[in-house]
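Here's a quick briefing on a predicted model. Take a look at the structure first, then we'll walk through a pocket, a core and a sheet.

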Amino acid sequence: MKLRGRISSILPIAMVAFAVALNTVSAGAAEDTILRFNGRDGERTQSGLISDGKGNLYGTTPEGGNNGCQDGCGVVFELSPAANGAWTETVIYAFKGGTTDTSVPTTDLIFDAQGNLFGGSNGAPAIYELTPGAGNTWSEKVVYSFTQYYQPGNHLAFDSKGNLYGTLFEGGDGGVFQLIPQSSGSWTGGVIYAFTGTNGDGNRPFGGVGLDGEGDVYGTTQEGGSSNEGTVYKLTPKGSGFTESIIYNFTGYPAGTGSYPIAPLMIDASGNLYGATPSGSTQGTAMVFKLSESAGKWTETVLYIFGSSPDGAYPNGVVFDAKGNLYGTANGGGSGCNYPGCGIVYKLTPSGSGPWRETILHNFESWIDGSGPGASVYVDGSTGVLYSTTIVGGGRYGYGTVFQIVP
């Protein structure tokens, strides 16, 4: 299984000797594998899916496709539903690598207001744009290349002015960037904050960024902070720049505040932040948390602590449905495979003032339906159906899958 981030700092599941929490139940949700990658159409995706609002899904794979790279340079794909429940995949762009293009797309995709797709890549670290044309054709161009920093974090965000934000988690201690579109079609900008990893600052901002309605930029760092177990930071617009503040320091086990966050943050309409950490709960395991601000102080609430098998491990980010439930995936754990497990899809439901109640919607079984979901889920707002990807498994080639779950 291919895991992301600082796995050496995560406590092995087998070392955690306690029973599954009483607020965990299993449910037989209907899971369907709608695509098994074969290499020519991509492989080993770790990014999530987005929708164009017409029922079509879009995603990337860092490998497969064009043979100009050792394992293929990666692709951007589209999945379109048919009336009979089948899905049709179209590779809308295969990266070429080399000196004329980038390769290894790794961030989640994002649409701008005009329907263009943007993403980040690690092969030749850059931000690229895909523009739709006639007959479902797409044209690609690299809009910005990084030199001093590299490897964009996995979540990008647009502000109301059309500026694009993201993180770079390698090169020094990492940084946050802003790209500004120009009337000529070019983009300017660059790093607006460089982490130092010293004096309580963070480093390695793997999870990317989220924006609130006031233009504040939020994210996590995998390391750094007062205990060197990660932080939540805020960048506030000030004049022509931004000021940074660390709004929360993770201190890990046994304090139980979480540690080494790598998942993207989610921001609700009230400005609360939600996320997950792969370790650092009061039991040393993974957890889902909420951060709320009052009078300038941020307070953490632990919403759920993952237990031992068959519960999940190494969770990705979380998302809400229209009823206020949280959904997510875990890269490992579950009952579908032997240790360390092939991962799960789970639902968290509010339970009064106590911990949220977990329902395991699906346990992955590797060869059959994939293994190691590397991103959270996309929730269709009209149907409630969940969609996401697995990194490996899923049949003859084992190159990963796209799946749907009807809760």
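The largest pocket has a volume of about 710 Å³, the volume being the space filled by probe spheres set on grid points joined across faces, edges and corners. A pocket here is an open set of points on a 1 Å grid over the protein atoms alone, where a 1.4 Å probe fits, with protein on both sides within 12 Å along at least five of seven lines; lining residues have an atom within 4 Å of a point.

This is a predicted model, so local features need pLDDT of at least 70 and side-chain atom pairs 80 or more, while totals for chains, interfaces and linings use all residues. Residues are numbered from 1 along each chain as its sequence is written, and side-chain values use heavy atoms, leaving out hydrogens and water.

- Of the 34 lining residues, Asp108, His155, Pro264, Leu265 and Val319 sit closest to the centre.
- Strand E26 (312-320) gives the largest share of the lining, five residues; strands are DSSP runs of at least two residues, numbered from the N terminus.
- By class, the lining has 21 nonpolar, eleven polar and two charged residues, with Pro counted as nonpolar and Gly as polar.

**Sheet**
- E7-E8-E9-E10 is the order of an open, antiparallel four-stranded sheet; strands pair if DSSP finds at least two bridges between them.
- Ile110 stands opposite Phe118 in E8.
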